[in-house]
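Me: Could you zoom in on one part of this for me? I'd like to know what packs against what, with the cut-offs spelled out.

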Amino acid sequence: MSFKMNLVTNVPSLTKALVSTLFCVSVGCYVYIYRTSLDEPKQTVCPFIGLVPGFIFYAPWTLLTATFYENNPFSLTFSIIVLLFCGKYLERAWGSRELLKFIVITAILSNIVTWFGLVFTFYLSGDDTYLYQIQINGMAGVFSAFLVAFKHLVPEHRLAILGGKISIRVKNLLGVATAVSIASLILMKAIVFYNLVNIGWIIGWIYIRFFKYQDGIQGDQSEAFAIHTFFPEFLHPVVMIISNHVYDLLVKLKCCKPGARSYRDLELGSTTPQPGSARAEAERRRALALKALDMRLSKPQEPTSDNSVIFDADEHK
């Protein structure tokens with residue numbers, strides 16, 4: 001019970017606003033669909049909030065609003081819980097402004113890429129269902145980006161479920177989410193959910209890796225956060241080769257700044273920050289600050305035998 005109370009108390013202001021927006025927007029869409037279904041029984045989309053590919057030029061704001069619309073009460077409840085937990089932690093670790101920027105960037109870009117994918121599928125198949133009957137909505141892209149953020153902040157910590165009977169390291173949660181998205185695509189043809197999950201985490205990684213400022217340093221090019229660490233070990237050589245070529249292309253297009261050391265060396269793990277360097281000192285300060293923050297957030301207020309989800313702040317080997 002103490003964890004449940006802790007989840008809904010002392011919630012930072014931005015997280016409260018995001019949860020309220022998610023709830024109000026979703027309920028408003030439910031009302032709209034219900035009222036329109038009285039005249040059009042097959043009405044299942046909300047084109048002025050959810051992103052319907054064929055209507056995007058008439059409602060471009062849906063690139064953002066679609067993220068705050070969950071199209072059924074079960075996904076809405078799940079999203080509220082996840083947003084409360086993740087938003088509360090990340091807002092305290094990053095600050096409100098940085099968290100808001102991260103959410104907006106990952107939400108809009110994951111929706112844009114998913115929209116391109118559906119339009120491309122329409123041109124290949126000629127089936128206008130992909131333009132007018134499929135709707136892009138939900139926070140799946142943002143949540144998968146959150147998992148990248150947690151891998152960056154506390155990769156070795158564990159998420160314990162059912163009183164510790166089931167536990168998983170934070171850095172492995174993204175693999176679980178990817179597996180669920182693949183299963184959903186195969187079993188339920190959930191193409192939107194699959195795209196959002198797998199595009200969202202890539203966008204989140206790119207932002208943290210190259211653009212997010214931490215202690216005055218742009219990006220985090222440590223080996224532990226390299227792109228190949230998100231894939232099974234047997235795929236590392238292939239991923240490193242592809243990622244190096246993609247990075248070279250982005251540098252030529254001036255989308256990324258070339259570092260003092262080549263990204264190729266960083267990806268292959270042949271270099272590490274030199275002791276005493278600005279980056280090494282920044283990483284040391286960040287690690288100490290995050291450890292202190294995590295211990296403070298995760299310290300239980302009183303013993304509990306409740307079988308709720310808990311976030312274990314103890315370091316594990």
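Reply: Start at Leu90: skipping neighbours within four places in sequence, Leu90 is in contact (heavy atoms within 4.5 Å) with Gly95, Leu99, Phe146, Ala149, Phe150 and Leu153. Bear in mind that this is a predicted model, where local features need pLDDT of at least 70 and side-chain atom pairs pLDDT 80 or more, while totals for chains, interfaces and linings use all residues. Numbering runs from 1 along each chain as its sequence is written, and side-chain values use heavy atoms, with hydrogens and water left out.

Zooming out, Leu90 belongs to the largest nonpolar core, which has 61 residues; those touching the most other members are Leu83, Leu90, Phe102, Phe146, Val148 and Ile208. Such a core is a set of buried Ala, Val, Leu, Ile, Met, Phe, Trp, Tyr and Cys joined through side-chain atoms within 4.5 Å. Buried is under 20% relative accessible area and exposed is over 50%, with partly exposed in between (1.4 Å probe, protein chains only). Helices 2, 4, 5, 7, 8, 9 and 10 each put in at least two residues, and helix 7 has the largest share, 10 residues. Helices are DSSP runs (H or I, at least four residues), numbered from the N terminus. Domain 1 (9-221) and domain 2 (226-260) each give this core at least three residues; those bounds come from an automatic or database assignment.

Now helix 10 (236-252), one of the contributors. His236, Val239, Met240, Ser243, Asn244 and Tyr247 are buried there.
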